[in-house]
Amino acid sequence: MNPVPRLRDSRGPALLSYGFRPFFLFGAIYAGLAILAWLPMFNGELALSTAFGPIDWHVHEMLYGYLPAVVTGFLLTAIPNWTGQLPLQGMPLFVLVAVWLAGRVAVTFSAEFGWLSAAIVDVSFLILVVAATAREIVAGKNWRNLRVVVMVTLLLAGNIAFHLEAHFNGSAEYGARIGIAAIVLLLAVIGGRIIPSFTRNWLARENPGRLPVPFARFDVAVIGLSAATLALWTAQPVGRITAAALAATGALHIVRLARWAGDRTWRDRLVLILHVGYAFVPLGFLLAGAAAVDIVVTSAGVHAWTVGAAGTMTLAVMTRASLGHTGNALRASPMTQTIYAAVVLAALARICASLEPGWSDALLHVTAFAWCIAFFGFALSFGPMLVGRQRATPPTQ
């Protein structure tokens, strides 16, 4: 049997030849623009015509605007490798991108469109993503990866809850926590798949010795406990039981990360940054546990998960996938390393802004500046390869 081709012949724009191209590029640009708008909104210097309050708009557009774009770009690129199916490209991909962009406009100007119309447009994107990914996985009979579709469906449910809660209750606390829980679980599942794999490949070739421990029952147990703990946190984010569960889960994620031999990857920044990004997952659990018993404020753990884990991990995946799938060498250029340093700085500054209220204003500006350097830097550095034709066969690592 001949191997399934990686791509159909495409005469359209290279940007629409593979899912990672438009979603990584537009997602990164939007991540920067949304933060540029957020600080003036937070300081009362800018008002958008949105039905959401300023904080809810910021939370929604990070959780249900930027992150679903990157998740979609990753899944549309990974699923063909998992299933042997041809990737989504051309007009179907254009429609998906257009619906995502329409959702960003609809939410930002939802006071003009009406909250329900904006919600329908916005929610339609994740409905299409769930349908497209489920269809490809089922067609390829790749049943074990249906768990990823379940988590994207959870993200969809959170988005629906966010719109309803924000409209009827005036704020969207449960909708936000559902979205955060879904993203943390996605990072735990996908990170547990790619981080040990990429680390093993690099170590076996460049630094023989101790290798990452393969995926085992321990990983299954940690992911299962994470799901239960995050469900508890979503329903009841305060209390001693919640705090104990969060602390225990955080400790197990530290053990899990240590099993992946990240301390041996300092010479390859493309691999190292994956370990650094994942380190914010246990930090988020530990800070959320401390917040559950009123030791620190809730936003410390939330931003460890979102700015730290999600921000760093998405940039790590975006840079690596963009290099590999456009035929470029898997090496972190000085600009790429600057992007990594900037997003880690943004995460640390945002966590510290929550822990040190007296320095909050200055640290929020540091966070915004570093975040914009990271994501606009990605768009400027990687944009040309995302809109250009593939130069060679992608590396297999």
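Patches here are built from residues with over 30% relative accessible area and no salt bridge, joining like charges within 9 Å and nonpolar side chains (Val, Leu, Ile, Met, Phe, Trp, Tyr) within 5 Å. A salt bridge means a side-chain nitrogen of Lys or Arg within 4 Å of a carboxyl oxygen of Asp or Glu. The model is predicted, so local features need pLDDT of at least 70 and side-chain atom pairs pLDDT 80 or more, while totals for chains, interfaces and linings use all residues. Residues are numbered from 1 along each chain as its sequence is written, and side-chain values use heavy atoms, leaving out hydrogens and water.

One nonpolar surface patch brings together Ile29, Leu33 and Leu36, with about 240 Å² of accessible area together (Shrake-Rupley method, 1.4 Å probe, with only the protein chains shown counting as cover for residues). Leucine 36 sits in helix 1 (residues 20–42); helices are DSSP runs of H or I, at least four residues, numbered from the N terminus. At 47% relative accessibility, leucine 36 is partly exposed, that is, between buried (under 20%) and exposed (over 50%).

Turning to the cysteines, a disulfide is a pair of cysteine sulfur atoms within 2.5 Å, and the count comes to zero. Cysteine 352 has its nearest cysteine sulfur, that of cysteine 372, 19 Å away. Cysteine 352 is partly exposed at 36%, whereas cysteine 372 is buried at 9%.

Glycine 311, in helix 11 (residues 298–325), is buried, with a relative accessible area of 1%. Leaving aside residues up to four places away in sequence, glycine 311 touches Thr306, Val343, Trp371 and Phe375 (heavy atoms within 4.5 Å). The C-alpha atoms of glycine 311 and valine 343 are 6.8 Å apart, with the two residues 32 apart along the chain.

Terms used:
Helix = DSSP H or I, 4+ residues; strand = E, 2+ residues; numbered from the N terminus. Buried < 20%, exposed > 50% of the residue type's maximum accessible area, 1.4 Å probe, protein only.
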